[in-house]
Amino acid sequence: MTTEAISFEIKSQLAKLLATENITMRHSPDVSTAYFDIKNRLLVLPVWQNISEDLYDMLVVHEVGHALDTPLDAWESAIDTLAKEKHGDAASDKQKVNIKGFLNVIEDARIDKRQKRRYPGSKRNYVIGHKELFARDLYGINGKDVNDLTFIDRINLYFKGGLHLNIQFSGVEKSYLSRISNAETFDEVVALTSEIYSYSKEEKEEKLKKKQEIEEENSSDLDDSDYDFNEDSDDAESETSGDAESETSDDAESETSDEDGGNSSYADENAGVDDEDTVESVTEKNAQSSMDKMLVNNSNIQYKYVTLPTFNYDLIVDDYKKVYAEMHDPKNEFTNVYVNLNFSDRKKLCLESFNEFMNAEKNSISYMVKEFEQKKAADTYSRIAVAKTGMLDTNKLHTYKYNEDIFRRISTVPEGKNHGFVMLLDWSGSMFYNLKNTLRHLFGLVMFCKKTQVPFEVYTFRSDPGIQKQHNSSELYFDNFKLRNILSSRMNTATLRAMMLKLWEIANGILVQCDALLSTPLNQAILCFDKIVNDFKSKHKVQVMNTIIITDGHSDPWRVTYSYEYKKQLVYVFQDPLTKKTYYHDKYDRPYYQTVIALKVLKERTGSNVIGFFLNSGKITKLSYMMQFSDAQKVKYHNDKFLGITNAGYDEYYIINISKLGIADEELDVSTNMTKNKIFKNFVKFSNKKSVNRIMLSKFVDRIAKNMQIAT
């Protein structure tokens, strides 16, 4: 059995299935026994090593049984109550530990019985697991006669798969076994523990009594022995008397030493027992000691469990109405120092270039809408099901002599599904140089959505050091950030156009203080985006949810508080309190791997498809922090100006050479002297060029063309 993180993930899923609820699971090398936090529904299991898969599964099944059926509060109170009942108010800690051992033996028998009944498939794990435990001598019985053990130890071995040991029980003891086998409630376990503890005390007293009788009998045999006394010699009598006194003194001293030092065989078997009124389960104590040796406390792996935070969305998210008002407040506007034109001239130039772009884009969007309609119609046609109804078609009845198909047919057209899109746009400082080209692609996508009545929302994400703490986590922390709703299908046409113009101005150097471009809190934005996505999905009754993320760099890292042990491999285990999912991460110094975890969290919470667009301004080798690319991928990126991959945490991820991928359209090269084949090739090249130049929109159209239903 390995102790790799993936193994823990699999066993966590097993435990959740067995628990019949989505509990939170933790495998912790810092605990020696399992426990269940009822309030937080948290099950903590130790981390065992060098054991078989079947034994690991048996231990998981067993501990989940305790989580389901052993009441923690009642367990603690039962130990105190039994200790007071058996030993009075002055019961020692040792006596309480011994009572706990009795209670655990009997409760384990009840738990295992119920788990085998719940999950019949676990019986195999129990059989193989117990065989392994006996082979490891977990209970410390090798070389011993099990029938010389106390009743509680024989009970323990019997219910731990020890039938092969041929354990003997008296008639009274068999009645106890039957009651243990039939016990269903914890109250029955407590009652049995009380009775068996008392029985075991009597058993111990009986063994002690027999031992004393044997010792007295041996002593009596010595007293009846013949001694040769010389009555005529006073000196001899004196010497004999002196020797006898000396021997008696030595014997008494030796006997006292045995009792005080615990050197008798009985004392050896009960070492550490406070008094003769105390009994314990030696096999239970041995088992606990042996299990401790199978823990990974000395492992070279250090696990740090981190609960993902909750967020204060009132501080994080600004709706478009607030954003629109702040962006259009003249007091917030200022001109980039690198822009030579004065403010009014720059505004005028921006308006002219924006109108020129929007007018030119109309034809292209119409082309993309037409292409979309064709793809959608083709997909719908391919899914039409035609079937016979079983009713005669009177229009075909006259052909019955030569046509077997004279029944009516019905065509079933499957309904499409409503799509919706929510987008995250990087609003970091480095994006300023890519913003003009990015907005051209983004505006085309927004105009397409508006034309086809697909609901959408666009949010920017950026750091915001000026606001107070906005998340709740004592372990995971990061710089504060903002999500700003800049475009929305809820906007009317005039508001949408005015907002697009304002963004166009920002891309051309007319900035606004309220939306300064700062750093890149990508991972944080993804981690909190689920509420926005789910609210949007519910509002628009979206059946196929799509989340688009547009960025030009890797994320600012999140940080975790931890106490690091030197030379140990640090593995972070992130736990989601909403979905109860667990995510492992052992490359903490690389934000890309944090992005992969954040994307998994978003997809688990929302069920959304997540599509990423990385705006790269140079060679693909600059992305080596993320992954290594093959020569074939580099060639494709060079030729197509983009590369699609599927192993970056997204459902689809496109790396776009934004510096080479323009938006300008080329004219279709067709002349009267061309052959049909040449015209066809030029048309295909022209169509492909239009699609490549609008890679975001092209991939967007491909995704929604299938199973699409236009909102009415």
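Is Gln-453 buried, partly exposed or exposed? Gln-453 is partly exposed, with a relative accessible area of 46%; buried means under 20% relative accessible area, exposed over 50%, and partly exposed in between, using a 1.4 Å probe and protein chains only. Before we go on, a word on what you're looking at. This is a predicted model, where local features need pLDDT of at least 70 and side-chain atom pairs count only at pLDDT 80 or more, while totals for chains, interfaces and linings use all residues. Residues are numbered from 1 along each chain as its sequence is written, and side-chain values use heavy atoms, with hydrogens and water left out.

Let's start with confidence. The pLDDT is the predictor's confidence in each residue, from 0 to 100, and the chain averages 76, with 68% of the residues scoring at least 70. Where pLDDT is low, the predicted coordinates should not be read in detail.

Now the overall build. The chain has 22 helices and 22 strands; these are DSSP runs numbered from the N terminus, with helices being H or I of at least four residues and strands being E of at least two. Of the 712 residues, 48% count as buried. Among contacts with a separation of 6 or more, 74% are between residues 24 or more positions apart.

Next, the inside. The largest nonpolar core has 56 residues, and those with the most contacts inside it are Leu-103, Tyr-139, Ile-155, Leu-157 and Ile-196. A nonpolar core is a set of buried Ala, Val, Leu, Ile, Met, Phe, Trp, Tyr and Cys residues joined through side-chain atoms within 4.5 Å. Helix H2 (residues 53–69) gives this core its largest share, eight residues. A second, separate core of 51 residues includes Leu-425, Phe-443, Phe-448 and Ile-656.

Leu-157 is a handy one to click on. Leaving aside neighbours within four places in sequence, Leu-157 is in contact with residues including Phe-134, Tyr-139, Ile-141, Val-146 and Thr-283. Asp-153, Asn-156 and Leu-157 in H6 meet Val-282, Thr-283 and Glu-284 in H11. The residues of this contact divide into two nonpolar, two polar and two charged, where Ala, Val, Leu, Ile, Met, Phe, Trp, Tyr, Cys and Pro count as nonpolar, Asp, Glu, Lys and Arg as charged, and the others, Gly among them, as polar. H6 (residues 151–159) and H11 (residues 282–293) pack at an angle of about 55°, with their axes 7 Å apart. Those axes are lines fitted to C-alpha atoms, for helices over the stretch in contact, and angles run from 0 to 180 degrees between N-to-C directions. H6 and H11 are therefore oblique to each other: under 35 degrees counts as roughly parallel, over 145 as roughly antiparallel, 65 to 115 as roughly perpendicular, and the rest as oblique.

Follow the chain on from H11 and look at Met-294, found in the loop between H11 and strand S4 (301–307). Met-294 counts as buried at 6% relative accessibility. Not counting residues up to four places away in sequence, Met-294 touches Val-47, Trp-48 and Leu-133, among others.

Ile-532, in helix H18, is also buried, with a relative accessible area of 10%. Ile-532 and Val-422 are 110 residues apart along the chain, yet their C-alpha atoms are separated by 8.4 Å. Beyond residues up to four places away in sequence, Ile-532 touches Val-317, Val-422, Tyr-459 and Leu-483.

Finally, back to the backbone of Gln-453. Gln-453 has a positive phi of about 60° although it is not a glycine, and sits in the loop between helix H15 (435–452) and strand S11 (456–463). Lys-541 is another non-glycine residue with a positive phi, near 55°, in the loop between helix H18 (530–539) and strand S16 (544–551). At 64% relative accessibility, Lys-541 counts as exposed.

How values were computed
Contact = heavy atoms within 4.5 Å.
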